[in-house]
Amino acid sequence: MGWRGILGFEYGIIQAPLGPDISGPELVAAVASAGGLGLLRAPDWEAPDYLRELIRKTRTLTDKPFGVGVVLAFPHKENIRAILDEKVAVLQLYWGECTEDIVLEAHKAGVKVVPQVGSFEEAKKAADVGVDAIIVQGREAGGHVIGQDALISLLPRVVELVQGRDIPIIAAGGIVDERGYVASLALGAQGIAMGTRFLATDESYAHPAYKRKLIELDETEYTNIFGRARWPGAPHRVLKTPFFMNWRTLPSDENETNQPIIGHSTIHGMEKDIRRFAGTVPNPTTTGEIESMAMYAGQAIGLIKEILPAGEVIKRVVAGAKLLINQKFACDIQG
Ligand SMILES: Cc1cc2nc3c(=O)[nH]c(=O)nc-3n(C[C@H](O)[C@H](O)[C@H](O)COP(=O)(O)O)c2cc1C
């Protein structure tokens with residue numbers, strides 16, 4: 001019965017936080033209203049008032065619970081305070097230490113804590129500080145990739161690690177449809193987190209040209225050429241766009257700081273110059289050389305053929321998973 005919900009949500013489907021400023025209130029509300037867990041993305045700087053507005057705007061669009069993702073590599077203390085004050089359902093954490101203090105504070109506010117990890121060791125630390133669920137990210141994932149292991153080998157190890165403890169494990173990386181969902185359930189996960197699939201929806205803030213590329217292109221690469229100065233030591237998976245293929249061997253001493261400005265974006269309400277090799281992806285406010293900007297995507301991008309409403313993604317994945325389990329696997333087992 002793996003398509004049943006987790007953490008109090010109707011379904012075991014999470015929309016991964018998409019940074020910077022790609023999973024806004026419209027996407028999160030659409031996912032929440034369809035029974036999934038939608039995650040806003042906090043800014044990479046302290047902006048508690050802005051974040052409160054984002055949360056409140058989301059609440060005007062849905063009466064269902066949702067969460068917020070915070071990247072711990074950036075300033076975040078006041079943002080987390082605002083998230084806990086607003087008592088959203090879930091605080092998702094990534095790229096930094098999920099401490100017992102954070103978990104205790106969150107639980108005091110009635111907020112569940114769900115870190116995303118990329119290794120067995122990181123999962124062990126998270127389980128030991130009392131988190132409510134763990135997202136296991138495989139190297140197949142789009143966007144920043146914290147670990148080296150493929151999901152198919154890492155996930156069952158983490159499932160074994162938490163055996164007997166009430167910590168649902170959620171699979172992330174290269175999952176875009178019911179096949180990935182059912183495969184994750186077979187590996188012991190109770191839910192899935194999809195980033196790229198929700199990036200390619202009507203409601204995401206990806207620039208239209210980025211959405212077009214998500215449909216056109218089928219290949220990705222694990223690289224570190226984007227955003228080296230702002231977020232050092234943070235490899236990522238991107239679409240193999242013509243720009244990326246021209247520059248994929250960028251010398252290791254180069255980074256975005258000495259590069260020309262190729263465009264402008266408003267990110268979480270702040271005007272930003274976009275330099276070549278910046279780590280930010282184009283959103284609808286972005287102007288300039290859009291096709292020369294970072295375009296994150298996961299390894300299953302070749303399976304995404306159309307931009308869909310986010311609610312439709314959830315409907316299809318849930319219905320497809322039920323069908324696959326009931327008709328294909330149930331019959332196979334009986335036969
Ligand atoms: C455009 C984009 C932005 C992302 N931003 C974040 C983020 O801000 N925080 C985070 O925890 N994960 C982020 N991720 C990674 C996701 O949490 C997740 O691990 C990944 O999307 C799963 O792989 P998939 O894209 O193949 O579904 C991002 C992924 C993408 C594609």
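Biologist: Which residues come nearest to the ligand?

Modeller: A residue is near a molecule if its C-beta atom, placed from the backbone, lies within 6 Å of it. Of the 30 residues around the ligand, those that come nearest are Gly 19, Gly 142, Gly 143, Gly 195 and Gly 298. Two or more residues of this shell come from each of the elements β3 (67–71), β9 (191–194) and α8 (196–199), and α8 gives the most, with three residues. Such names refer to DSSP runs numbered from the N terminus, helices being H or I runs of at least four residues and strands being E runs of at least two. Please keep in mind that this is a predicted model, in which local features need pLDDT of at least 70, side-chain atom pairs count only at pLDDT 80 or more, and totals for chains, interfaces and linings use all residues. Residues are numbered from 1 along each chain as its sequence is written.

Biologist: How many residues of each class does the shell around the ligand have?

Modeller: Here Ala, Val, Leu, Ile, Met, Phe, Trp, Tyr, Cys and Pro count as nonpolar, Asp, Glu, Lys and Arg as charged, and the others, Gly among them, as polar. On that scheme the shell around the ligand has 16 nonpolar, eleven polar and three charged residues.

Biologist: Into which domains is the protein divided?

Modeller: Domain bounds come from an automatic or database domain assignment, and here they give domain 1 (13–203 + 311–334) and domain 2 (208–301). The centres of the two, taken over C-alpha atoms, are separated by 23 Å. Their contact, for which C-beta atoms placed from the backbone must lie within 7 Å, takes 23 residues from domain 1 and 21 residues from domain 2. On the side of domain 1 that touches domain 2, β7 (143–144) and α8 each supply at least two residues. The ligand's shell, too, draws at least three residues from each of domain 1 and domain 2.

Biologist: In what order do the eight strands of the barrel close?

Modeller: Two strands pair if DSSP finds at least two bridges between them. The barrel closes in the order β1-β2-β3-β4-β5-β6-β8-β9, with parallel pairing.

Biologist: At what angle do the axes of helices α2 and α3 cross?

Modeller: Axes are lines fitted to C-alpha atoms, for helices over the stretch in contact, and angles run from 0 to 180 degrees between N-to-C directions. The axes of α2 (residues 48–61) and α3 (residues 77–85) come within 9 Å and cross at roughly 35°. Among the residues that make the contact are Leu 51 of α2 and Ile 83 of α3.

Biologist: Where is the cis peptide bond?

Modeller: The cis peptide bond joins Gly 19 and Pro 20, with omega about -20°, and Pro 20 is found in the loop between β1 and α1 (25–33).

Notes. Two residues are in contact if their C-beta atoms, placed from the backbone, lie within 7 Å.
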